[in-house]
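This briefing covers the fold, the nonpolar core and selected strands and residues of one protein. Please look over the sequence and structure before reading the points below.

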Amino acid sequence: MRSVLLMLCVAVSLEAVGEVVVAGREGRVSATVLTGLDALPLNTMHSWRVRLVDSDGEPLSGARVEVGGGMPMHDHGLPTEPTATETEPGEYRVDGVRFHMHGHWELTLEIREGGGSGESGDVDTVTIKFEL
């Protein structure tokens, strides 16, 4: 396994929520976030799709994706515990997403290549920042 440690960040406008592509600071991984929504709803459960590719543009399959986030300015996490499941090579569905109030939000995806659960393995962190 190659060593990967990077942070991906993007600011999302509610007018342009449909698809957001973020590249790793070191150019090793890209994530395409697809909500399939015209606007992010309040108090409604929904799902996002995330497509992960490596620096060669190949799907990043078999990764373990942990979902977190919240409202840093309010010092609280997400009101739900979203989970990510690989649906096809390199494409993951994030279920159980819900936002309960207006303001600045962050959704964080910790991506561990190879799906390992221990401390070893290559880790990427994708942070999607947006206003509701």
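Two strands count as paired if DSSP finds at least two bridges between them. By that rule S5 and S9 pair, since seven bridges join these antiparallel strands. The model is predicted, and the values below are computed from it.

**Overall fold**
- The protein has ten strands and zero helices.
- Read from the N terminus, the order of elements is β-β-β-β-β-β-β-β-β-β.
- Of its 132 residues, 42% count as buried.
- Among contacts in the protein with a separation of 6 or more, 58% are between residues 24 or more positions apart.
- The accessible surface of the protein is about 6800 Å², and carbon and sulfur atoms account for 48% of that surface.

**Nonpolar core**
- In soluble globular proteins, nonpolar side chains tend to be buried together.
- Here the largest nonpolar core holds 26 residues.
- Trp48, Leu52, Phe99, Leu109, Ile111 and Phe130 are the residues with the most contacts inside this core.
- At least two core residues come from each of S2 (19-23), S3, S4 (46-54), S5 (64-71), S8 (91-97), S9 (104-112) and S10 (123-131).
- S9 provides the largest share of the core, with four residues.
- Trp48 touches residues that include Val33, Leu34, Leu40, Tyr92, Val94, Val97, Phe99, Leu107, Ile128 and Phe130, leaving aside residues up to four places away in sequence.
- The contacts of Trp48 also include Thr35 and Arg93.

- S9 is mostly covered, with seven of its nine residues buried.

**Thr32 in strand S3**
- Thr32 lies in S3, which spans residues 29-34.
- Is Thr32 buried or exposed? Thr32 counts as buried because its relative accessibility is 12%, and the cut-off for buried is under 20%.
- Leaving aside residues up to four places away in sequence, Thr32 touches Glu19, Val20 and Val21, as well as Arg49, Val50 and Arg51.

Technical notes
Residues numbered from 1 in each chain as written. Predicted model: local features only at pLDDT ≥ 70, side-chain atom pairs only at ≥ 80, totals over all residues. Heavy atoms only, no water. Buried < 20%, exposed > 50% of the residue type's maximum accessible area, 1.4 Å probe, protein only. Contact = heavy atoms within 4.5 Å. Areas by Shrake-Rupley, 256 points an atom, 1.4 Å probe, with all protein chains shown as cover. Core = buried A, V, L, I, M, F, W, Y, C linked by side-chain atoms within 4.5 Å.
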